[in-house]
Amino acid sequence: MTSKEIRATFLEFFRNKGHEIIPSAPMTVKNDPSLMFTNAGMNRFKDIFLGNEPASHKRIADTQKCLRVSGKHNDLEEVGRDTYHHTMFEMLGNWSFGDYFKREAIACAWELLHDVFGLPADRLYATVFEGSDADGTEKDVESLELWKQYLPESRIVFGGKKDNFWEMGDTGPCGPCSEIHFDLRSDEERAACGGASLVNRDDPRVIEIWNLVFMQFDRKADGTLAPLPARHVDTGMGFERLCMALQNKTSNYDTDVFSPIIDAVARMSGRQYGADRDTDIAMRVVADHLRAVAFSIADGQLPSNVKAGYVIRRILRRAVRYGYTFLGFDSPFVCRLVETLAAEMGDTFPELREQQAFIERVVREEETSFLRTLETGIAMLEKRMSEMKSANLVRLKGEDIFVLYDSYGFPLDLTELILKERGLEADREGFDAEMKKQKERARNAATVEAGDWVTLQAGESEFTGYDESETRARIRRYRKMKRNGREFYQLVLDKSPFYAEMGGQTGDCGHLVSDSERIEIFDTRKENNLSVHLAARLPADPSAEFTAVIDAAKRRATECNHTATHLLHFALRKTLGTHVEQKGSFVSPDVLRFDFQHFGKMSGEELRAVERTVAAAIRENIPLDERRDVPLDEARAMGAAALFGEKYGDRVRVVRFGESAELCGGTHVARTGDIGSFRIVSEASISAGIRRIEAVTAERCEDYLYAQQDLIADLRNMFNNAPDLVKTLRKVFDENQELKTMIESFKREKQARVKAELSKQIKNAGGTMMLAVSLHLPADIIRDLALGFRSEHSERFVFIAGGDAGNKPSITLALSDDLVAEGFDAAKIVRAAAKKIQGGGGGQPHFAAAGGKNLDGLAAAIDEIRNLFAKS
């Protein structure tokens, strides 16, 4: 069976078992502070497991795009070295929400694997939870008895918490699981050694292909377990591993999931897969990482230097580095593979085809940038190796390797490879120590302690903020939080006008007031589909009734900016073309930012046209046309714009202002005239093919215009209220340029005169021509003199100058090339002498300079250098 047939068979099997088949959720995660990427098929259902939202269907099945770069067996640096681990992978899954449980889940798994797919029964093994005395959980006898209907007990293996008890995190839903493993070994190998002894022993030939999780407990903050109100089934099967088993391969990379990409890499590089271990690893790395990067970009996550964007950048750079080192690619090549990926997977994941050109452009620019980084890193490493050679050192310090890795993005293994080629070593222990320090700093900065939820009343929370700014409310649940030493509380209300930060719009602030107290709400966040109100303290009586009141002024300012963002989006598409697509936004009371796909800097005329279009819509005073609870397909048919990578439910809210229509859950003004005014403050590139506009509205727009007027008034005052300010400024600039030219001419004349005088002071010191002088000249002139003399004296020449411009001492040293060849290093000599002026410096072996604070030590510093060459 081909991979496409395998995927379709899985989904059709569960469709026939009464499951709703749903498309994959985006690989990038929003509104969940604990995750950056979907790393398991169940992530999208967390809110159902947590009880924060009802299930739309009792039974669901899908294939989910997942990404893992850390955790058990998922270290990024190990991907490609074995046959079955990946960054991006597909997770086939079926779920039961309070419907069937162990009996039906195990029966379905056996029927599909053995009866439908035809996997041999004697190659299948099952694992069962052995129980835990620490948790007070018993052996999963029910699963054991069920599996005995299909497998002999000799192929049923018991496992502990590590392998057979699945947990969402430190707290939350969890339960025992039953894994299904498949033995890929030959008959001879199986006869020599039973497969049961290799289950969960990291043997690449006896692998887990399916995990059946029986969610029945809730892990509390104190570590205890409590039964869940309803029991659920959550299964996940590695699609790539299933294909390996069904296609009789011993490596995921040999299946038709990866082979078309690897074949394309082989053709482009002129190398053969299977001929060399390092080349094979490189091709596997490229094939795996291409998928991770392309799917992430298609889902709206672009490479960057922060959070999820940094993860994607690291993955792409690792692919480029392997191509550069082992496959001979010195120009962008990953971008050329996107077409192959889209052709192979575009039927199942149409976003790849729809975004293909954009993905290629982003990847190409990222590759180009990193190849420049590699050149810079190699030059820096060459310099350090030269210094090591001069100092008779063979081991590069871990701190230096870490600076290359962390500050310049230069890969550790490439550093080790280059050092090894020169007969040098890397201080790996020192590097690991620096990496550990960095991880500790990051871990401490991100530490959040969460207490258990205290539930006062069950039920869901209702958002009333579209219609009112204050609501009578009660606290449904609360918990204590601690972040970076600061304690605060999260409150969930039964009804609330507070908008929780989501979709780029910042959360509301305000207060809760009762008959006896007032509690300030400093922010509102969305966490696991809960609107969480953040308060510095807990009410004295949490069970009291409160009036929840938002900060109306901040809300109005935010609404002006949010509606203006919609109008801006429409204006950009009208002005630049329909290729413009939103790639992100930020809406606060003070400013709006809008990121969009466009491949060139906007001209002044284009920016002005966009402003005019928005201004016209504001003057038209268009009323808000809001439609709630609209079926998603109907909303798309209405022409409502959707954001790529955004997770939408079956029913959505449509916000329309005239011709502008978008899927949006945010708050907006009642009429566009409420915005008042709009101005673009800046437009710039933030990454490959992505532009960002920053703009202001209403009062902030007035403040911006006042500031511009004040600036112009100040400039007029500086020029005696000149009637034509632009003409006056241009005249001043022209005069300034003329004066600069004159000054440069005077400097050159003076430099020539000084040089002629200094030439008379060159002395022969034991066969070395030496010029040692003190000069009261600027540093740039001294530098030009040094290099000028050096170019005229190519044999055994030394230029030494002490400067005191601005009462600050400086040292300049230039050496002829033959002296450098003899082992003299101007940079090292200057650094040593600079200690006498309480300073430091550096440069190259033939030219260096230093500055300091102690003018009294300058003469001694010059003498030290003069004596060094006089003695030699």
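# Notebook: one predicted protein chain

**Entry 1. Ile261**

I began with Ile261, which lies in helix α8, residues 259-269. I noted at the outset that the model is predicted. Is Ile261 buried or exposed? Its relative accessibility is 2%, and buried means under 20%, so Ile261 counts as buried.

Next I looked up what Ile261 touches, leaving aside its neighbours within four places in sequence. The contacts are Ala287, Leu290, Arg291, Leu337, Thr340 and Leu341. I took Thr340 from that list and checked how far it is from Ile261. The two are 79 residues apart in sequence, yet their C-alpha atoms are 6.5 Å apart in space.

**Entry 2. The whole chain**

I then stepped back to the protein chain. I found 25 helices and 34 strands in its secondary structure. The C-alpha atoms fill a box of roughly 105 × 80 × 55 Å, taken along the principal axes. The chain has 872 residues, and buried residues make up 49% of them.

I also looked at contacts between residues at least 6 apart in sequence. Of these, 67% join residues at least 24 apart.

**Entry 3. Thr558**

I looked up Thr558 and placed it in helix α17, residues 552-576. At 4% relative accessibility, Thr558 counts as buried. Which residues does Thr558 touch, not counting those up to four places away in sequence? I wrote down Gln505, Val587, Ser588 and Pro589.

**Entry 4. Helices α1 and α7**

For a pair of packed helices, I needed the angle between the axes and the distance between the axes. I started with α1 (residues 3-15) and α7 (residues 239-246). Their axes come within 10 Å and cross at roughly 115°. The crossing of α1 past α7 is right-handed.

Which residues meet here? From α1 they are Ser3, Ile6 and Arg7, and from α7 they are Phe239, Leu242, Cys243 and Leu246. Sorted by class, this contact has five nonpolar residues, one polar and one charged.

**Entry 5. Helices α10 and α13**

The second pair was α10 (residues 307-326) and α13 (residues 356-390). The axes of α10 and α13 come within 10 Å, and the crossing angle is roughly 65°. I recorded the crossing of α10 and α13 as right-handed.

On the α10 side, the contact is made by Arg313, Leu316, Arg317, Val320, Arg321 and Tyr324. On the α13 side, I listed Val363, Glu366, Glu367, Ser369, Phe370, Leu371, Thr373, Leu374 and Ile378. By class, the contact of α10 with α13 has eight nonpolar, two polar and five charged residues.

**Entry 6. Salt bridges**

How many salt bridges are there? The count comes to 64. I followed up a few of them.

I looked at Asp135 and Arg219, which form a salt bridge with the closest N and O atoms 2.9 Å apart. Asp135 lies in the loop between β4 (124-129) and α4 (141-147), and Arg219 lies in strand β8 (residues 206-219), so the pair ties together parts that are 84 residues apart in sequence. Both Asp135 and Arg219 are buried.

I turned to Glu416 and Arg428, whose side chains meet in a salt bridge at 3.2 Å, N to O. Glu416 is in helix α15 (residues 412-421) and Arg428 is in helix α16 (residues 428-446), so this pair ties together parts that are twelve residues apart in sequence. Glu416 has 25% relative accessibility and counts as partly exposed. Arg428, at 35%, also counts as partly exposed.

I then looked up Arg472 and Glu545, where the side chains meet in a salt bridge at 3.0 Å, N to O. Arg472 belongs to strand β15 (residues 470-483) and Glu545 to strand β21 (residues 545-550), so the pair ties together parts that are 73 residues apart in sequence. Arg472 counts as partly exposed at 42% relative accessibility. Glu545 counts as partly exposed at 35%.

My last item was a network of salt bridges. It links Asp122, Arg123, Asp187 and Arg190.

How values were computed: Residues numbered from 1 in each chain as written. Predicted model: local features only at pLDDT ≥ 70, side-chain atom pairs only at ≥ 80, totals over all residues. Heavy atoms only, no water. Axes fitted to C-alpha atoms, helices over the stretch in contact; angles between N-to-C directions. Helix = DSSP H or I, 4+ residues; strand = E, 2+ residues; numbered from the N terminus. Left-handed = near helix turned anticlockwise from the far one by under 90°. Contact = heavy atoms within 4.5 Å. Nonpolar A, V, L, I, M, F, W, Y, C, P; charged D, E, K, R; others polar. Salt bridge = Lys/Arg side-chain N within 4 Å of Asp/Glu carboxyl O. Buried < 20%, exposed > 50% of the residue type's maximum accessible area, 1.4 Å probe, protein only.
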